[in-house]
Amino acid sequence: MKVRRSAAVLAALGLVLAACGSSSDSSADTTGGSTKTTDATSDSSATTDANTETSGGGSAAPGESKPATAGEGCGLNNGKKAEGDPIVVGNVTTSVPGIDFSGGPALQQAYFDCVNENGGINGRPIELIVENDNLKPEDAAAAARKLIESDKVVAVVGGFSILDCAVNADYYKEKGYFTIVAGVPAECFSSPNFAAANMGPAYSALGATQVIVDKGAKGKIVSMIPRTATSAYGNSLVGVYAKEKGMEWENIEIDVPIADPNAAIIDAVNRAGEGGGLILNFTPPEGLKLLKAAEEQGLIDKVVWGSSTPLNDNSVAAALGEAWAGKLNVNAELSLLDDPAPEMELYRTISEKYAPDQPLGSFQQMGFMIGRIIVHTLLEMDPADVDDPVKVNDAIVNIKNFNTDIVCKPWYYGKLDAHVPNNWDYNVVPNGTDVMELDRDCFEIAAVDDILKDVRKAEVEQKLNVG
Amino acid sequence: MPGLGELWPFLIQGLAFGAMYAMTGTGLVVLYRTTGVVNLAFGAIGAMAAHIAWTLMGGSLTKPIPVVGGVRILAYPAIVLLCALLTLLYGLWIAPKLARRDPLVKALGMLGAALFLQGLMKKGWDSSKARGILFPQQTFKLGNTIVSTTQILALVLSVVVVLAVTTFLNKTATGTAMRAIANDRDVSSLLGVPVRRVETMAWFGSGLLCGVVFLLLPPLFKSLDQGTMTYFVISALAGAVVGQFRSLWVTFWASLGIGVLESVLTPFKNSLHFMADYRKLVPYVVAVVAILWISRRRTVVLAGREMQ
């Protein structure tokens with residue numbers, strides 16, 4: 001009996017830890033179950049002046065404090081610790097081996113920690129609950145229902161999920177939640193109830209393709225992406241653009257985690273042919289495997305290399321080293337990581353103070369930016385309304401012209417059938433030592449599909465991002 | 001159908017990974033024959049040791065693939081030592097408590113240990129970040145492909161390991177004792193074989209093999225991916241299954257074959273593209289076919305004993 005108990009305890013302990021593990025110091029836990037965190041440890045004092053306008057809100061913040069706008073600091077920025085019942089928001093994020101987006105919510109939490117040390121939402125703390133979908137549709141569906149029906153979140157914001165948009169679009173619509181995400185599947189960019197801080201893998205890979213074609217990729221473009229339920233969408237616009245340019249296109253879906261990177265990259269480069277283009281659509285751990293394998297196999301100069309946003313990560317630049325200096329074109333949906341703009345200063349300060357284990361990277365920027373959007377939206381509302389999901393979501397859908405240093409143009413939500421509010425990009429390249437450096441400033445993503453054509457039209461008609 | 005020239009680079013990659021399967025399979029077979037335990041934590045233990053070594057090497061977010069020099073070079077042998085110690089720890093602490101249980105319970109014990117270690121890794125080393133360990137190596141051109149000394153070393157070591165373990169089992173007193181325990185644990189014990197001591201040695205030896213594998217595996221993976229390393233053992237099991245958890249040489253050749261087949265299917269295109277898509281299934285297909293072939297004997301296993 002004793003033996004049986006020991007084995008059962010060991011197995012159970014292993015299962016629990018495997019399910020519940022997370023980054024060591026980050027307070028946002030996305031690796032299993034849920035986490036509620038409202039504590040904070042220090043303050044922040046970066047300053048800037050940018051403006052946010054929400055048309056669905058009520059009064060301004062009470063007392064002497066004014067809500068901080070982009071870069072001015074954390075929330076009310078008054079140095080007073082928030083107290084009382086928390087205002088609860090939540091999201092659904094994917095965190096499994098090979099596809100781990102937990103860095104995004106970690107910086108959203110870091111920003112909330114700073115806000116809670118600086119007056120919170122009119123004195124009350126803001127709390128983040130992150131649910132892991134474990135890359136399973138049933139978990140994604142359960143997570144959304146738990147957040148809304150059990151945790152009673154007032155808003156679903158900051159989710160970094162492969163599945164959330166596809167699985168829960170109808171549910172959010174039914175419940176009247178206007179969700180802010182960092183989206184992956186097509187549904188994140190084609191639904192009235194989702195607006196993303198990013199532009200997603202399809203538009204990002206398209207931006208990278210525009211650059212490598214400009215830089216001389218000829219003949220054939222090969223794109224690579226992890227094999228998931230949403231793979232077909234991820235590189236689809238690469239194909240459309242290649243066709244427009246009279247080039248061949250082939251897409252390779254590959255199982256992750258990639259166990260044989262050498263074989264995978266030799267095959268991809270062979271398919272692209274000498275002088276062709278190769279687009280990678282992977283998270284840093286997987287992308288880095290392929291790039292290091294290409295380096296070992298002497299393939300760097302065989303093709304022109306491009307990547308979607310996730311590889312815009314300084315840890316990737318540090319790992320790549322001199323061999324890749326200037327040779328990997330990474331589409332950056334967000335501003336450069338060492339951009340001196342005030343809001344980016346604030347991001348770096350908060351990252352260092354509240355999430356020191358997180359590298360500076362795109363996912364983290366997005367989490368930070370979404371945190372600022374929701375905090376500012378809540379601060380613009382009548383304090384009596386911030387516990388009412390209907391009023392909070394009304395304020396969210398009416399966000400427009402949210403000025404931020406993190407994306408090229410002001411961010412907005414708006415009442416649209418589909419949202420791609422971030423549709424201008426940068427191009428960055430590894431500098432050969434330790435950072436990604438700017439190669440091309442803000443450029444327009446080619447409107448090769450009907451969604452982006454309609455979005456651009458609505459932006460002009462409704463003055464959604466005129467600043 | 002790709003030509004031989006096109007397949008050549010994939011053959012090289014496949015031989016290297018097949019060699020890693022072979023060494024892993026050897027470790028699994030030796031431990032199973034001596035203790036009756038299928039070490040499903042082989043990969044998790046190796047991955048944990050590699051992560052600790054990465055930290056000892058000075059790895060960080062700004063140095064995700066640390067260049068090792070000075071005293072930090074000791075982190076390489078530390079991988080082998082840590083693997084041996086972690087495996088031994090399980091062998092001394094948990095395994096005796098399950099010694100008289102069914103093989104299924106023993107395997108579940110190892111699975112629990114693997115998940116426990118994976119949880120610890122995820123806790124300590126955020127899996128969303130890129131990490132790697134370099135192994136000092138040179139590359140040279142062979143035909144139309146680049147070959148690294150790490151790949152050569154993997155192949156050479158796998159042969160050396162199988163030769164050494166076979167010789168050890170056949171020529172030494174401890175090896176004979178291991179084989180005796182493998183044949184019948186109870187009878188061996190009655191005949192005075194120090195079962196506990198021999199089993200401890202088997203655990204330690206299996207751990208050393210795990211260390212050798214994980215010295216080379218991260219450089220071949222180009223990453224310290226927790227999932228890939230933890231579940232590497234599952235693919236490696238196929239070779240051991242073909243060898244019926246008995247023959248080291250059959251395990252060796254089957255593992256090489258699986259590694260090569262898995263790799264050479266990569267460049268198949270057009271109507272044969274499905275072969276590339278499903279190449280990861282090779283170990284499982286081989287294992288299932290082997291099990292079906294072996295089960296022709298209609299052997300039934302009850303409480304760890306074969307009933308003819």
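This is a predicted model: local features need pLDDT of at least 70, side-chain atom pairs count only at pLDDT 80 or more; totals for chains, interfaces and linings use all residues.
Local features require a pLDDT of at least 70 and side-chain atom pairs count only at pLDDT 80 or more, whereas totals for chains, interfaces and linings use all residues. Residues are numbered from 1 along each chain as its sequence is written, and chains are lettered from A, with ligands numbered from 1, in the order in which they are written.

Chain A contains 14 helices and 17 strands, where helices (H or I, at least four residues) and strands (E, at least two) are DSSP runs numbered from the N terminus. Of its 467 residues, 63% count as buried, a residue being buried if 20 or more other C-beta atoms, placed from the backbone, lie within 10 Å of its own, exposed if 12 or fewer do, and partly exposed in between. Among the contacts in chain A with a separation of 6 or more, 74% join residues 24 or more positions apart; two residues are in contact if their C-beta atoms, placed from the backbone, lie within 7 Å.

Chain A is divided into domain 1 (25–199 + 339–422) and domain 2 (201–332 + 425–462), with bounds that come from an automatic or database domain assignment. The contact between these domains takes 24 residues from domain 1 of chain A and 28 residues from domain 2 of chain A. On the domain 1 side, the elements that give two or more residues are β5 (99–100) and α12 (362–380) of chain A, and the residues of this side divide into 17 nonpolar, six polar and one charged. In this classification, Ala, Val, Leu, Ile, Met, Phe, Trp, Tyr, Cys and Pro count as nonpolar, Asp, Glu, Lys and Arg as charged, and the others, Gly among them, as polar.

Between the chains, 50 residues of chain A are in contact with 47 residues of chain B. The largest share of the chain A side, 11 residues, comes from α1(A), and by class this side has 25 nonpolar, 16 polar and nine charged residues.

Within chain B, helix α1 (residues 4–35) and helix α8 (residues 195–221) pack at an angle of about 165 degrees, with their axes 9 Å apart; α1(B) and α8(B) are therefore roughly antiparallel to each other, the term applying to angles over 145 degrees. Axes are lines fitted to C-alpha atoms, for helices over the stretch in contact, and angles run from 0 to 180 degrees between N-to-C directions.

Leu438(A), in strand β17 (residues 436–444) of chain A, is partly exposed, with 16 other C-beta atoms within 10 Å. Leaving aside neighbours within four places in sequence, Leu438(A) is in contact with Leu336(A), Tyr426(A) and Val428(A).

Notes
Angles under 35 degrees count as roughly parallel, over 145 as roughly antiparallel, 65 to 115 as roughly perpendicular and the rest as oblique.
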